[in-house]
Amino acid sequence: MNISSVIDIIDGKLQNSPSVSFIYNIKTDAKKVIEGDLYLAKNIKDTQTAIKNGAFAIVHDFEIEVLDNEIAWIRVNSLEETLIKLFRFKFSTFNLEVYYCDKVTFDLINIYKALNKKIKMIFSNLESCVKIIENINEDEIFICSNEELIKSIYPNYKPFSKQTYKINNLIEHSLFETSFSYKEIFFHKLKLSSLYINQFLDVYNFFNLELDLQKLMKLNHFKPIFVDKYLNIIDFGRSNKVIICQKNLELILDEIKYLEEKYKYGKTIFITPLFIENFNQQQIILEDIGNLKKVLKNEYFNALYIIGYDKSKIEDTLKLSSNETSELF
């Protein structure tokens, strides 16, 4: 692509008169830059690495001295906006199949995407998927869970699904394990909350009923961490104490409502890093999650719902602090 065309697309301002006039690919990692690439610079140190690796153009949103007059230096207002403009330009040249879905569906598709090589996931952090715009094919399928982002990139996107499925023989073995029938197929003890059956069936149908159901263990939404009285992690279902985590704010209200409806017989407490307005439940404010065990040592609960952290972060925190058990209890 001609550098002059790039400048027009991203609304950039050329800072010098380079001898090069084109670029091949776009990179956001300086270490992966090769000769002919355009590099989206985040700092001076990485910019120097990109130049040594052969960058033909440097796009930056901060003050920096022109270190090499042979290559193009392009100033922009925002690297984030620049990425959006680059994606929008590339997408506009194709008639693509682009979908928006909720975060649970997105993560399920991401787990099973190897079943269809045409699927490309667009994450909210566009930098992590910049390779998508290097070689777009007309028959590829693009999935995104950030509606505002996908709207800015490809306004002709479609909702992934709005279907409600008819299921039979629903058995809720627990908050986290479900059996049911769908299209004469009986799903036995899926490690899946009944809250997310519809999303599961969306993905199940999308992949033509071919899913390895054991991989549902990789889905972390409304997934339990069972703990003993010392808050040490134990096997699934081996305790009456459970921790549930949710980092995605869009899912919190539905999950809490589900928990209130399905778990009336147990005591639930809530932990959040910041005070939440108009939240009907009592909140324990915990800015440093590393202090989780210390805060909970005098708290009685059956279910603990933690807002603002994902399951892996809480598991790591509990494991790191396991040596403190004897001191705390």
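Student: What covers the buried residues of α1?
Tutor: The cover includes β1 (13-14), β3 (38-40), β4 (57-60), β5 (72-75) and α3 (79-92), where contact means heavy atoms within 4.5 Å. Helices (H or I, at least four residues) and strands (E, at least two) are DSSP runs, numbered from the N terminus. This is a predicted model, in which local features need pLDDT of at least 70 and side-chain atom pairs count only at pLDDT 80 or more, while totals for chains, interfaces and linings use all residues. Residues are numbered from 1 along each chain as its sequence is written, and side-chain values use heavy atoms, with hydrogens and water left out.

Student: Which residues of α1 are buried, and why are they said to line one face of the helix?
Tutor: In α1 (residues 3-10), the buried residues are I3, V6, I7, I9 and I10; buried means under 20% relative accessible area, exposed over 50%, and partly exposed in between (1.4 Å probe, protein chains only). Seen down the axis of α1, they fall within an arc of 165°, and therefore they line one face; the arc is that of the directions from the helix axis to the C-beta atoms.

Student: What makes strand β11 largely enclosed by the rest of the structure?
Tutor: In β11 (residues 177-182), 6 of the 6 residues are buried, so the strand is largely enclosed. E177, S179 and S181 point one way, T178, F180 and Y182 point the other way, and all are buried. In a regular strand, side chains alternate between the two faces of the sheet.

Student: How do you know that β11 pairs with β10 and is joined to β12?
Tutor: Two strands pair if DSSP finds at least two bridges between them. Strand β10 (residues 168-174) pairs with β11 over 4 bridges in the antiparallel sense, and N168 has S181 as its bridge partner. Likewise, 4 bridges join β11 to β12 (residues 185-190), which run antiparallel, with T178 opposite L190.

Student: Why is the sulfur of C129 too far from that of C144 for a bond?
Tutor: A disulfide is a pair of cysteine sulfur atoms within 2.5 Å, whereas the sulfur of C129 is 8.0 Å from its closest cysteine sulfur, in C144, and is therefore too far away. The structure holds 0 disulfides.

Student: Why does C101 count as buried?
Tutor: The relative accessibility of C101 is 3%, and so C101 counts as buried; C129 is also buried, with a relative accessible area of 5%.
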